[in-house]
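Visitor: I would like to learn how to read a protein model step by step. Could you take me through one, giving the general idea before each case?

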Amino acid sequence: MLQWIGRWLLRGAVFVIAAIAATYACDWIAFQLEGAPQSTVTVNRQMIVPLKNNKIEFDDLGTYDEPCSVSLFPQNEMAPCWWLRRHTNQTVKL
């Protein structure tokens with residue numbers, strides 16, 4: 001009985017990994033065929049500075065336009081635009 005469950009779990013894991021790999025490959029092919037489409041998203045940046053007595057200080061670094069890829073997954077070392085539009089406030093820890 002345990003061998004039967006183990007086989008089905010292994011098959012399921014292989015199927016999930018293959019599906020993710022196929023989705024990424026299709027996304028990459030579509031991204032390359034469309035000429036590597038890019039866009040920009042305005043991002044607000046803040047720096048977190050630790051202080052004494054477990055206090056923190058937030059320093060505003062301003063806003064800037066960050067390039068993003070018009071795709072499902074990150075491409076060309078750029079975050080996907082759909083993700084950046086939902087995460088416009090970014091923090092940098094010092």
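Guide: Let us begin with contacts: a contact means heavy atoms within 4.5 Å. In this protein, residues 24 or more positions apart account for 53% of the contacts with a separation of 6 or more. Please keep in mind that this is a predicted model, in which local features need pLDDT of at least 70 and side-chain atom pairs count only at pLDDT 80 or more, while totals for chains, interfaces and linings use all residues. Residues are numbered from 1 along each chain as its sequence is written, and side-chain values use heavy atoms, with hydrogens and water left out.

Visitor: How many helices and strands does the protein have, and in what order do they run?

Guide: Helices (H or I, at least four residues) and strands (E, at least two) are DSSP runs, numbered from the N terminus. Here there are 2 helices and 3 strands, and from the N terminus on they follow the order α-β-β-α-β. The radius of gyration, taken over C-alpha atoms, is set beside a globule rule of 2.2 Å times the number of residues to the power 0.38. For this protein of 94 residues the radius is 20 Å, well over the 12 Å of the rule, so the protein is more spread out than a compact globule. Its C-alpha atoms fill a box of roughly 60 × 45 × 15 Å along the principal axes.

Visitor: What share of the residues counts as buried?

Guide: Buried means under 20% relative accessible area, exposed over 50%, and partly exposed in between, with a 1.4 Å probe and protein chains only. Of the 94 residues, 18% count as buried. By contrast, Gln3, which lies in helix α1, is exposed, with a relative accessible area of 61%.

Visitor: Which residues make up the largest nonpolar core?

Guide: In soluble globular proteins, nonpolar side chains tend to be buried together. A nonpolar core is a set of buried Ala, Val, Leu, Ile, Met, Phe, Trp, Tyr and Cys residues joined through side-chain atoms within 4.5 Å. The largest one here has 5 residues, namely Val41, Val43, Cys68, Cys81 and Leu84, and the elements giving two or more residues to this core are β1 (38-50) and α2 (81-86). If residues up to four places away in sequence are left aside, Cys68 touches several others, including Pro37, Thr40, Val41, Met78, Cys81 and Leu84.

Visitor: How far apart in space are Gln3 and Trp83?

Guide: From C-alpha to C-alpha, Gln3 and Trp83 are 41 Å apart, and in sequence they are 80 residues apart.
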